[in-house]
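This report sets out the architecture, packing and surface features of one protein chain. The sequence and the model are shown first.

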Amino acid sequence: MMCALASSVCFGAASVLQAMGARAAEPGTGGGVDVALMGRALRQWRYLAGLGMDGLGFVLQIVALRTLPIYVVGAALAASLAVTAVIASRVLKVRLSRVEWAAVAVVCAGLAMLALASGKEGHRDGSATLDWVLLGISFGVLLVGVVAGRLPVRSRALVLGLGAGVGFGVVEVAVRLIDGVDFADPVWYALLVGGGAAFVLLTSALQRGSVTTATAGAVLGETIGPAIVGVAWLGDRTRDGLGWLAIAGFAVAVAGSLTLARFGEAPAPVSAPESATP
């Protein structure tokens with residue numbers, strides 16, 4: 001559980017740095033996914049620092065996924081928004097409302113409920129069909145960017161965010177299914193394609209649309225689907241008699257994270273009022 005929480009801290013800090021880098025990059029043309037945007041964002045030091053934090057968070061996520069049920073790790077990753085909100089309040093001097101401070105407390109309570117109720121990770125290997133389904137979904141995430149470019153502005157951010165969340169969800173499940181280095185295994189390609197597509201979609205969403213909407217879509221995409229797969233196909237379970245507590249904790253943590261969805265973007269620091277000139 002400590003690795004899952006540490007991963008959440010890394011991703012929470014990274015989201016601030018990446019959003020600042022994405023917004024500082026020169027905007028492209030069109031309304032959908034701009035692949036070249038990733039190259040322009042990589043010229044921003046904040047975006048590079050965010051990628052470094054993401055890398056550390058991913059290593060910790062792998063350790064957590066190999067020892068905990070997916071639904072616990074997914075909820076902990078969604079809670080990274082609470083970390084981002086706290087960082088923004090301290091570093092960027094962003095004022096959180098009472099509702100948002102309450103949401104941070106709710107996220108912590110949900111994670112505590114999950115920690116009490118979760119059992120050991122399942123030991124089922126899934127099936128060859130699940131491997132190929134993951135690969136198909138990862139390529140489907142790429143197509144989301146094409147579709148998003150033709151949608152109205154209001155819907156575009158939600159679709160981009162949801163697609164990114166599904167891509168990150170593919171990564172979560174793929175990490176559980178990988179057993180050794182075997183590049184003939186479709187799960188490896190699902191992990192690479194899904195993770196890469198998710199980064200591109202999320203970067204475009206951060207720059208082009210409503211970040212609150214996009215982040216909410218990403219939270220839903222990367223938590224609910226993988227949790228269902230873990231329970232239905234991989235054998236994830238709770239402690240005896242505590243299934244209700246795990247469901248409640250999962251719902252509470254995700255709901256609190258959605259309340260903090262606006263912190264998927266680095267909030268602009270509050271500027272001091274300009275002094276009047278004579």
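The sections below proceed from the overall fold to the cores, the charged residues, the surface and selected contacts.

## Basis of the model

The structure is a predicted model, in which local features require pLDDT of at least 70 and side-chain atom pairs count only at pLDDT 80 or more, whereas totals for chains, interfaces and linings use all residues. Residues are numbered from 1 along each chain as its sequence is written, and side-chain values rest on heavy atoms, with hydrogens and water left out.

## Overall architecture

The chain contains 11 helices and zero strands; these elements are DSSP runs numbered from the N terminus, with helices (H or I) of at least four residues and strands (E) of at least two. Read from the N terminus, the order of elements is α-α-α-α-α-α-α-α-α-α-α.

Of the 278 residues in the chain, 51% are buried. Here buried denotes under 20% relative accessible area, exposed over 50%, and partly exposed the range in between, with a 1.4 Å probe and protein chains only. The accessible surface of the chain is about 13,100 Å², and carbon and sulfur atoms account for 68% of this area; such areas come from the Shrake-Rupley method with a 1.4 Å probe, and for residues only the protein chains shown count as cover.

## Nonpolar cores

A nonpolar core is a set of buried Ala, Val, Leu, Ile, Met, Phe, Trp, Tyr and Cys residues joined through side-chain atoms within 4.5 Å. The largest such core has 51 residues, of which Tyr71, Leu111, Leu114, Leu177, Phe250, Leu260 and Phe263 touch the most other members. Helix H4 (residues 70-78) gives this core its largest share, eight residues. Apart from this core lies another, of 13 residues, including Val144, Ala157, Leu160 and Ala197. In soluble globular proteins, nonpolar side chains tend to be buried together.

Beyond residues up to four places away in sequence, Leu260 touches Leu81, Ala82, Ala85, Glu100, Ala103 and Val104.

## Charged residues in the interior

A salt bridge is defined as a side-chain nitrogen of Lys or Arg within 4 Å of a carboxyl oxygen of Asp or Glu, and by this rule the count is one. The pair consists of Arg176 and Asp236, whose side chains meet at 3.1 Å, N to O. The partners are 60 residues apart and link distant parts of the chain, with Arg176 in helix H8 (residues 153-177) and Asp236 in the loop between H10 and helix H11 (243-259). Arg176 is buried, at 10% relative accessible area, and Asp236 is likewise buried, at 1%. Side chains of opposite charge can pair when their charged atoms come close.

Glu222, in helix H10 (residues 211-232), is buried yet has no salt bridge, and the nearest side chain of opposite charge, Arg176, is 15 Å away. In this assignment Lys and Arg count as positive and Asp and Glu as negative, while His and the chain ends are not counted. Leaving aside residues up to four places away in sequence, Glu222 touches Gly165, Val166, Phe168, Gly169 and Glu172.

## Surface features

A nonpolar surface patch is formed by Val133, Ile137, Leu162, Val166, Leu220, Ile224, Ile228 and Trp233, with about 640 Å² of accessible area together. Patch residues have over 30% relative accessible area and no salt bridge; nonpolar side chains (Val, Leu, Ile, Met, Phe, Trp, Tyr) are joined within 5 Å, and like charges within 9 Å. Helices H7 (128-148), H8 and H10 each contribute at least two residues, and H10 provides the largest share, three residues. Leu162, a member of the patch, lies in helix H8 and is partly exposed at 39% relative accessible area.

Asp240 belongs to the loop between H10 and H11 and is exposed, with 78% relative accessible area. The C-alpha atoms of Asp240 and Gly119 are 8.3 Å apart, although 121 residues separate the two in sequence.

Val193 lies in helix H9 (residues 186-208). Val193 and Phe139 are 54 residues apart in sequence, with a C-alpha to C-alpha distance of 6.8 Å.

Leu142 is located in helix H7 and is partly exposed, at 42% relative accessibility. With residues up to four places away in sequence set aside, Leu142 touches Val193 and Ala197. A C-alpha separation of 9.1 Å holds between Leu142 and Gly196, which are 54 residues apart along the chain.

Notes
Contact = heavy atoms within 4.5 Å.
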